[in-house]
Amino acid sequence: MKKILWCLLLAPFFCAAQSYSLKPLNEHAKTSLRGLSVVSDRVAWVSGSNGAVGKTTDGGITWKWVKPKGYEKIDFRDIEAFDDQQAVIVGIASPAYILKTVDGGETWTENYKNVDSAIFLDGLSFWDKSKGIIFGDPINDKLQLLKTVDAGKSWQNISTNVQASLAKGEASFAASGTTIKTLPGGKTWIATGGKVSNIYFSADYGESWQVFKCPILQGAESTGPFSIDFFNTKTGIAVGGDYLKDKENSNNVLLTKDGGKTWQKPATPVLGFRSGVTYINAKTLIATGTSGTDISTDGGQHWKHISDKSFNAVQKAKRGKAVLLAGNNGVIYQLDTVN
């Protein structure tokens with residue numbers, strides 16, 4: 001009876017019927033994977049260092065690897081795929097590139113190049129198949145923003161739309177391409193960290209912006225939010241910490257119920273530094289980083305550690321149930337659920 005009461009009243013999370021494990025899909029490639037775009041249960045793309053782009057069309061059983069010609073040394077930190085043929089990739093540092101393929105990765109078109117020594121692009125996200133946004137570290141204290149309305153064929157600089165100047169030492173992280181989140185209708189959230197952490201929010205496709213404080217661990221160049229996700233316009237999560245101390249979990253996960261205006265700590269935090277987080281459904285979330293992976297089944301309030309294996313990014317399929325994780329040395333795993 002005591003055990004039953006404990007499960008019902010004190011810790012329903014840990015008495016849940018489901019159990020979770022991680023299944024390897026790929027473990028050998030000379031690339032550090034940080035870009036991840038899971039289109040469906042069968043189609044997914046990854047991108048990373050040494051110009052590497054990988055794609056599966058059979059649910060991860062096999063992977064095809066390519067290196068866009070002429071960009072073999074570029075670090076492609078983020079990728080957005082629309083299907084098995086179309087994808088956009090971002091090379092982050094000077095010269096920064098945005099490339100697109102419409103033939104499954106066989107050929108790539110350069111649609112943007114920036115040779116400014118200060119350019120550093122952190123992530124991209126799309127509101128729909130045509131409209132998308134990329135953001136980067138500040139230049140002259142201004143957040144860098146690029147916008148497309150033609151599915152990545154061209155990009156317009158809209159950095160002047162952000163009126164606020166970033167604080168000294170405030171920037172962002174390109175650890176997983178997920179310090180930016182978009183939802184249909186023009187909703188956009190961008191997280192910054194380092195010396196100061198903020199959430200930049202736009203409700204109108206990046207035309208105007210508000211700034212909210214993010215009280216996650218901050219104050220050093222290695223601290224702040226490294227990934228955000230929003231289940232809807234109100235409910236969201238931020239994870240991060242200090243990547244130089246990846247086993248510490250002091251104030252490295254926060255939840256919001258008002259669209260990022262205010263943030264609260266969960267009852268039980270993730271185990272360490274986390275650079276990727278995603279909603280699987282309204283109640284179930286997964287967070288990952290170099291010190292392991294955690295699962296929550298109660299909206300992020302309590303977390304259970306399921307693996308010590310190192311990853312950089314995690315994402316759920318846009319159209320499907322598959323959840324993939326990617327990391328260094330070409331590592332790609334899938335989350336398995338057992339009822």
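Select P95 to begin, a residue placed in the loop between β7 (87-91) and β8 (96-101), where strands (E, at least two residues) and helices (H or I, at least four residues) are DSSP runs numbered from the N terminus. The peptide bond leading from S94 into P95 is cis, and its omega is near -5°. Most peptide bonds are trans, and most residues other than glycine have a negative phi.

The model on screen is a predicted one, in which local features need pLDDT of at least 70 and side-chain atom pairs count only at pLDDT 80 or more, while totals for chains, interfaces and linings use all residues. Residues are numbered from 1 along each chain as its sequence is written, and side-chain values use heavy atoms, with hydrogens and water left out.

Colour the chain by pLDDT next, which is the predictor's confidence in each residue, from 0 to 100. The mean pLDDT of the protein chain is 94, and 95% of its residues reach 70 or more. Residues 1-16 have a pLDDT below 50, and beyond near neighbours in sequence this stretch has 15 contacts in the model, a contact meaning heavy atoms within 4.5 Å.

Two further loops hold backbone angles to inspect. Select N251, in the loop between β20 (236-242) and β21 (253-256), where phi is positive at about 55° although the residue is not a glycine. Then move to N329, in the loop between β27 (323-326) and β28 (332-338); its phi is near 60°, again a positive value in a residue other than glycine.

β27 and β28 run antiparallel and are joined by three bridges, and A326 stands opposite I332 of β28. Both strands belong to an open, antiparallel sheet of four strands in the order β1-β28-β27-β26, where two strands pair if DSSP finds at least two bridges between them. At the edges of this sheet are β1 (19-26) and β26, each pairing on one side only. Neighbouring strands here are turned by 25° against each other on average, direction ignored; the axes are lines fitted to C-alpha atoms (for helices over the stretch in contact), and angles run from 0 to 180 degrees between N-to-C directions.

Now show β2 to β5. These four strands form another open sheet, antiparallel and ordered β2-β3-β4-β5, with β2 (33-38) and β5 (64-66) as the edge strands that pair on one side only. Within it, four bridges connect β3 (residues 44-48) to the antiparallel β4 (residues 53-56), and A44 has T56 of β4 as its bridge partner.

On a 1 Å grid over the protein atoms alone, a cavity is a set of points where a 1.4 Å probe fits but cannot get out, a pocket is an open set with protein on both sides within 12 Å along at least five of seven lines, and lining residues have an atom within 4 Å of a point. Grid points are joined across faces, edges and corners, and a volume is the space filled by probe spheres set on the points. Two cavities of 30 Å³ or more are found in the whole structure.

The largest cavity has a volume of about 60 Å³, and of its 14 lining residues D41, A44, G59, G60 and L324 are the closest to its centre. The second largest cavity, of about 30 Å³, is lined by W45, V53, G54, K55, K64, V66, G104 and G105. β4 gives the largest share of that lining, with three residues.

Finish at the largest pocket, whose volume is about 840 Å³. Select E80, K181, T182, Q315 and K318, which lie nearest its centre among the 35 lining residues. Strands that each supply at least two residues of this lining include β2, β6 (76-81), β10 (121-126) and β26 (313-316). By class, the lining has 18 nonpolar, eight polar and nine charged residues, with Ala, Val, Leu, Ile, Met, Phe, Trp, Tyr, Cys and Pro counted as nonpolar, Asp, Glu, Lys and Arg as charged, and the others, Gly among them, as polar.
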